[in-house]
Amino acid sequence: MTAKPPAVPEPPVTASVRDLLAAFPGSPCEVEIGCGNGHFLASYATGRPGTLLIGIEIKSRRCRRAREKAEKRGLANLHILQGPAEAFLGDFPPGSVDAFHIYFPDPWPKSRHRKRRFFTMERLREMADLLRPGGRLHFGTDFFDYYLQAKVLVALHGGFDLSEEPAPGPVLSSMFGQRFVEANKTIRLFTAVRSRSADDQVQQQEHQG
């Protein structure tokens, strides 16, 4: 009878966003929404040992794989939280995030389903409040309609400047990035820089009105 291989222990799960921020006081903080198996974050974190990197992923299997990558590479600055991003964003204090990374989110291509997309004006306003002045919002997708929607929302928000800077190098190392590159799909990326506060935006809208 063949012996069963020993079970792989589950990596520890950090309790909350507030615990992480308290454990890395004064450190830059970047967040990937929908981090998948952690390909991008594991590569990105290697060159940023002084930055707290938080990945948020709803699927437990992907979270486990991402945590295993962080553990095997000794990335003490990389932590994965399981659940919908909406459940965690409210735990970040205003101005506490240096960058949000959103790569290849579910495009919900059918018209009747587009309201399910993560990138909406409501979410953009929430992320804008959490970004420090000069903070970055990186977005990438292979779905042109979603790319266009996201850029339009950023322009309408009024608190961002679109930047010519390239996306972070490891972005195409993600699970979907690799898949789309192999399939010769066009990948569209943009970076938006947080420029003005929400109060500035309201004043601008009142002036225009």
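A residue counts as buried when its relative accessible area is under 20%. In this predicted model, arginine 117 has a relative accessibility of 2%, so arginine 117 is buried.

Arginine 117 lies in a loop. The loop runs between strand β4 (97-103) and helix α5 (121-130). From there, the side chain of arginine 117 reaches the backbone oxygen of proline 107 at 2.5 Å. The side chain of arginine 117 also makes a polar contact with the side chain of glutamine 149, at 2.7 Å.

The cysteines were examined next. A disulfide is a covalent bond between the sulfur atoms of two cysteines. The search of the whole structure found zero disulfides. Cysteine 35 is accordingly in no disulfide, and the nearest cysteine sulfur to it belongs to cysteine 63, 5.8 Å away. Cysteine 63 is likewise in no disulfide, and its nearest cysteine sulfur is that of cysteine 35.

Cysteine 35 has a relative accessible area of 6%, so cysteine 35 is buried. Cysteine 63 has a relative accessible area of 0%, and therefore cysteine 63 is buried too.

How values were computed. Residues are numbered from 1 along each chain as its sequence is written. This is a predicted model: local features need pLDDT of at least 70, side-chain atom pairs count only at pLDDT 80 or more; totals for chains, interfaces and linings use all residues. Side-chain values use heavy atoms; hydrogens and water are left out. Helices (H or I, at least four residues) and strands (E, at least two) are DSSP runs, numbered from the N terminus. Buried means under 20% relative accessible area, exposed over 50%, partly exposed in between (1.4 Å probe, protein chains only). A polar contact is a pair of N or O atoms within 3.5 Å; within protein, one must be able to donate a hydrogen and the other to accept it, and residues adjacent in sequence count only if both atoms are side-chain atoms. A disulfide is a pair of cysteine sulfur atoms within 2.5 Å.
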